[in-house]
Amino acid sequence: MPMSRRALAAAAVALVLPLSACGSGGDDGGTTDASGKIEGDITFQTWNLRANFKPYFEGLITDFETKYPGTHVKWVDQPAEGYADKLGADAAGGTLPDVVNVSPDLVAPLAEAGLALDLDKAAATYKSEYLRGAWAGHQVPGMRGTYAFPWYLNTGPLFYNKALFEKAGLDPDQPPKTYDELFADALRMAQKSDGKVATLANVPTIEDFGRYGVPLMNEQGTGFTFNDAKGVELLTEYKRLYDAKALDPQALTATGESAGKKFLTGAVAMNPGSALDLGNFKKNAPSLYKNIGITDQITSTGHVNMYVMGVMVNSRTKHTPAAVAFAHFVTDARNQMSFAKKVAIFPSTAGSLDDPYFTKEDGTDETRVRIAAAKSLKNAVNYTPVLFSEQMKTALRNEVAKALQGKESPEEALDNAVKAADRLLQQG
């Protein structure tokens, strides 16, 4: 379901941005005033959710229409494939729904085009209901405002193989908590296994630079900054791991799925994941499941990474009070909590993560993972800049590969990645 769909975001940019002159405030546009009577017909669009959650959303809509007589919500659901294209086409054709399920990278071009309602102006009264990091998730560098209600969140711990740690002479009950410990343990693991067991299976991504404490972008949103000294430091450390086979040799071409298989077979000692992975371990790798360790994401900032979905209000809706009220209704504490119990996601509302569902142990590993993730989400942030497109991610990955292979120095590689990202930013 949700987070991998963010990969579709870049397709919307080219279609939406030419509409910037037609944003809110035009003659046929809507109003930012959400204080009027809540009434009228609105359309609500979700992102590949009907197949699994039809009864939930039908009940949600019925509850809203009952609470606000005179409203009618038409629900449409779009498939995951081509969602960004559909969103861009609707924006270009003036048929964007009143309330839209978005991710931060999808909302950015819509906000720049003036098509996303600024909730700091239209719905500021609701801001305190949400986690601070979640509310900030749909803000766009260089723009003032927040352009979607935060909806469901996700994150995950690090899993590690206790048996492999013990075999390497490492304490299986003391996994690395800092980057220094991670790098030291990884080098020891590679040395003790003669390069047969790597600790990590993925090259650093923009999120990893963020977790390491690297400033990723300037405040104006006009340029990227992850080539600073701290960024070079992180890539240099990964080069050491790669040379020592502490980073899997196939990491340059690894996907999340392939890295997961490496962890499953014992070729890799640590891998990020979620509660959903535990069932897979139990079924397909019982020996790994017996030796599974669970620890927090490693971060230098004190904040783990979160993925956040949102609900945007079209600034050109003819029924702003109803659209804002419904977007808030979908994302309020009661309805988010209900949704979180149907699927392995987490609510973005303040206080919800203190519910016993997210705090009370019952002896199962699944609950243990859920509790750990919920605790870390309270002050988590979305490290991936909303303006960092798929093309930019590819450029960074290519330059990181060159550095690890010794074709460029870490400094040269990150300088080139920033130049490529800045060039793409200007083209956007």
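Tyr152 in strand β4 has Pro347 in β9 as its bridge partner, and β4 (residues 149-154) and β9 run antiparallel, joined by two bridges. The model is a predicted one, in which local features need pLDDT of at least 70, side-chain atom pairs count only at pLDDT 80 or more, and totals for chains, interfaces and linings use all residues. Residues are numbered from 1 along each chain as its sequence is written, and side-chain values use heavy atoms, with hydrogens and water left out. Helices (H or I, at least four residues) and strands (E, at least two) are DSSP runs, numbered from the N terminus.

**The sheet**

- Six strands make up an open sheet of mixed pairing, in the order β2-β1-β3-β8-β4-β9; two strands pair if DSSP finds at least two bridges between them.
- The edges are β2 (71-78) and β9 (346-347), each of which pairs on one side only.
- Strand β3 is joined to β8 by four bridges, and the two run antiparallel.
- Asn154 is set opposite Tyr307 of β8.
- Six of the seven residues of β8 are buried, so this strand is mostly covered; buried means under 20% relative accessible area, exposed over 50%, and partly exposed in between (1.4 Å probe, protein chains only).
- In a regular strand the side chains alternate between the two faces of the sheet.

**Helices on the sheet**

- Strand β4 pairs with β9 through two bridges.
- Helix α3 (residues 83-93) packs on the sheet and touches β1 (40-47), β2 and β3 (99-102); touching here is contact, meaning heavy atoms within 4.5 Å.
- The direction of α3 makes about 150° with that of β1; axes are lines fitted to C-alpha atoms, for helices over the stretch in contact, and angles run from 0 to 180 degrees between N-to-C directions.
- Helix α4 (residues 104-112) also packs on the sheet, where it touches β1, β3 and β8 (307-313), and its direction makes about 130° with that of β3.

**Helix pairs**

- Two packed helices are described by the angle between their axes and the distance between the axes.
- The axes of α8 (residues 179-192) and α10 (residues 229-243) come within 10 Å and cross at roughly 15°.
- This makes α8 roughly parallel to α10; angles under 35 degrees count as roughly parallel, over 145 as roughly antiparallel, 65 to 115 as roughly perpendicular and the rest as oblique.
- The crossing of α8 and α10 is left-handed; a crossing is left-handed if the near helix is turned anticlockwise from the far one by less than a right angle, and right-handed if clockwise.
- Phe183, Ala186 and Leu187 of α8 meet Leu234, Glu237, Tyr238, Arg240 and Leu241 of α10.
- The contact of α8 with α10 has six nonpolar, no polar and two charged residues; Ala, Val, Leu, Ile, Met, Phe, Trp, Tyr, Cys and Pro count as nonpolar, Asp, Glu, Lys and Arg as charged, and the others, Gly among them, as polar.
- Helices α2 and α14 pack with their axes 11 Å apart, at an angle of about 130°, and are therefore oblique to each other.
- The crossing of α2 and α14 is right-handed.
- From α2, Leu60, Ile61, Asp63, Phe64 and Lys67 meet Ala322, Ala325, Phe326, Phe329 and Val330 of α14.
- By class, the contact of α2 with α14 divides into eight nonpolar, no polar and two charged residues.

**Buried positions**

- In helix α15 (residues 333-340), the residues Asn335, Gln336, Met337, Phe339 and Ala340 are buried.
- The cover over these buried residues of α15 includes α2 (50-67), β4, α14 (320-330), β9 and α16 (356-359).
- Met270 belongs to strand β6 (residues 270-272) and counts as buried, because its relative accessibility is 1%.
- Neighbours within four places in sequence aside, Met270 is in contact with residues including Leu158, Phe159, Tyr160, Phe165, Leu182, Phe263 and Thr295.
- Thr295 is 25 residues from Met270 in sequence, and 9.9 Å from Met270 in space, C-alpha to C-alpha.

**Loop residues with positive phi**

- Asn48 lies in the loop between β1 and α2 and has a positive phi of about 60°, although it is not a glycine.
- With a relative accessible area of 32%, Asn48 is partly exposed.
- Lys245 lies in the loop between α10 and α11 (256-265); Lys245 is not a glycine, yet has a positive phi of about 65°.
- Lys245 counts as partly exposed, at 45% relative accessibility.
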